[in-house]
Amino acid sequence: MKLPFIEPYRIKTIEEINFSTREEREKWIEDAEYNLFNLQSNQVIIDLLTDSGTGAMSDKQWAEMMTGDESYAGSSSFKKLKDTVEQLTGFPYLLPTHQGRAAENVLFSVLVKEGHIIPGNTHFDTTKGHIEFRKAHAVDCTIDEAFSIDDPYPFKGNIDIEKLEKIYQQYGKEKIPFTLITITCNSSGGQPVSIENIRAVKALSERYNIPIFFDAARFAENAFFIKEREKEFHHQTIKEICKEMFSYADGMTMSSKKDGLVNIGGFLALKNEELYQEAGNFGIIYEGYLTYGGLAGRDLAALAQGLQESTEHSYLQARIGQVIYLGEKLRSYGIPVQYPIGGHAVFVDALGFYPHLKRDDFPAQTLGIELYKEAGVRGVEIGTLLADRDPETRENRYPALELLRLAIPRRTYTQNHMDYIAKALKNVFDRREEVTKGYSIAWEAPILRHFTVKLKKK
């Protein structure tokens with residue numbers, strides 16, 4: 001008899017969960033002005049707000065924390081990280097930053113100017129925020145299959161080559177400093193990008209002399225899907241697939257709080273020395289010296305180890321297997337989710353969940369509030385609130401998908417936790433007709449409003 005697959009680790013340290021009543025949670029979310037970001041951590045039972053920096057480090061990573069070199073310049077921990085990044089990506093130039101959006105800020109300070117066009121698959125919130133803050137424009141060229149919840153297409157993060165070429169033809173090299181490929185594509189449901197598609201984007205971009213950069217926060221998860229779903233790579237290791245992926249790019253930004261398996265950190269890795277020197281000036285201004293970039297030496301060392309661990313097949317099989325387990329459980333209850341299940345999160349289709357709500361009721365946020373009140377489970381809205389307003393018209397932007405993201409922290413929760421989440425969401429689904437209206441905005445920031453927005457009941 002074939003043995004079942006088990007997690008490739010044992011648990012050595014635990015953190016207590018504080019339980020609460022529905023009455024307490026109803027008061028807490030009202031006091032938080034119906035913004036899930038405003039809840040205190042001890043008011044949350046299972047926290048699926050983000051997978052960014054919320055996972056558990058290994059014993060080897062903790063050992064690296066104790067041997068970190070805290071030298072201001074020339075830290076041996078930096079060299080360890082630099083060598084690891086070059087081994088996995090092929091990029092010889094590294095700028096550490098305190099997290100991924102800082103890496104975006106450094107790179108975009110060099111490359112993005114007013115009026116520029118940045119095409120790619122669906123840009124995430126901070127990426128789009130950095131672009132629009134500079135009065136440039138993010139253009140979504142994701143394939144149409146990504147916006148069909150039930151379409152089983154295996155690489156819904158892919159870029160539509162015809163859409164991309166139309167943008168290239170319309171604006172040209174003068175207006176397009178680079179194309180950005182997000183792997184995996186968070187906003188379309190944690191969906192992967194195939195190497196076949198990356199190669200096609202590279203070939204097209206070379207014709208127009210346009211560089212390619214990756215938003216590579218979840219690059220290892222993307223490589224796992226390539227191994228599973230792209231026949232050419234079935235017999236390659238995850239590390240080999242990563243090296244192949246990055247060979248088609250000119251550089252990458254990385255939030256190390258995802259596939260770096262650390263609680264803080266990020267970096268910018270580049271192929272071109274001249275761009276590295278320009279970006280390095282901004283890195284020093286915004287982050288710190290070239291060899292620490294806003295991080296302690298112990299953080300650099302833990303990240304180097306985390307990158308090695310996250311690119312092992314056994315880890316990824318368990319990590320993504322847990323996400324798929326939750327997604328399939330929800331589907332068995334009839335709950336509409338983005339399919340195939342993504343790498344880091346289950347994305348619940350709020351328009352299918354609450355078809356009777358209007359878009360300006362913010363149905364994904366409404367669903368997130370109902371799930372929290374039901375069971376103390378905190379997710380995050382990936383919908384109209386996150387899409388923000390059009391910078392010119394100031395009208396709400398209504399994205400094709402209105403999703404509640406349930407992001408699973410790495411190596412943190414057990415299968416029992418997944419069962420609890422699924423049952424809680426089923427209870428909310430069974431009572432979905434009782435929710436007849438959503439929320440309206442009481443106050444919002446001019447950009448990236450979803451982090452700090454204040455809402456009120458309609």
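## Basis of the model

Because the model is predicted, local features need pLDDT of at least 70 and side-chain atom pairs count only at pLDDT 80 or more, while totals for chains, interfaces and linings use all residues. Residues are numbered from 1 along each chain as its sequence is written, and side-chain values use heavy atoms, with hydrogens and water left out.

## The interface

In this interface, 32 residues of domain 1 are in contact (heavy atoms within 4.5 Å) with 43 residues of domain 2. Domain 1 and domain 2 bury about 2,900 Å² between them, 60% of it on carbon and sulfur atoms; buried area is the accessible area (1.4 Å probe) that two parts lose on being put together, summed over both.

## Charged pairs and contributing elements

Between domain 1 and domain 2 there are six salt bridges, each a side-chain nitrogen of Lys or Arg within 4 Å of a carboxyl oxygen of Asp or Glu. The side chains of Asp-259 and Arg-410 also form a salt bridge, at 3.5 Å from N to O.

On the side of domain 1 that touches domain 2, α12 (313-332), β9 (345-349) and β12 (403-407) each supply at least two residues, and α12 gives the most, with six residues. Helices (H or I, at least four residues) and strands (E, at least two) are DSSP runs, numbered from the N terminus.
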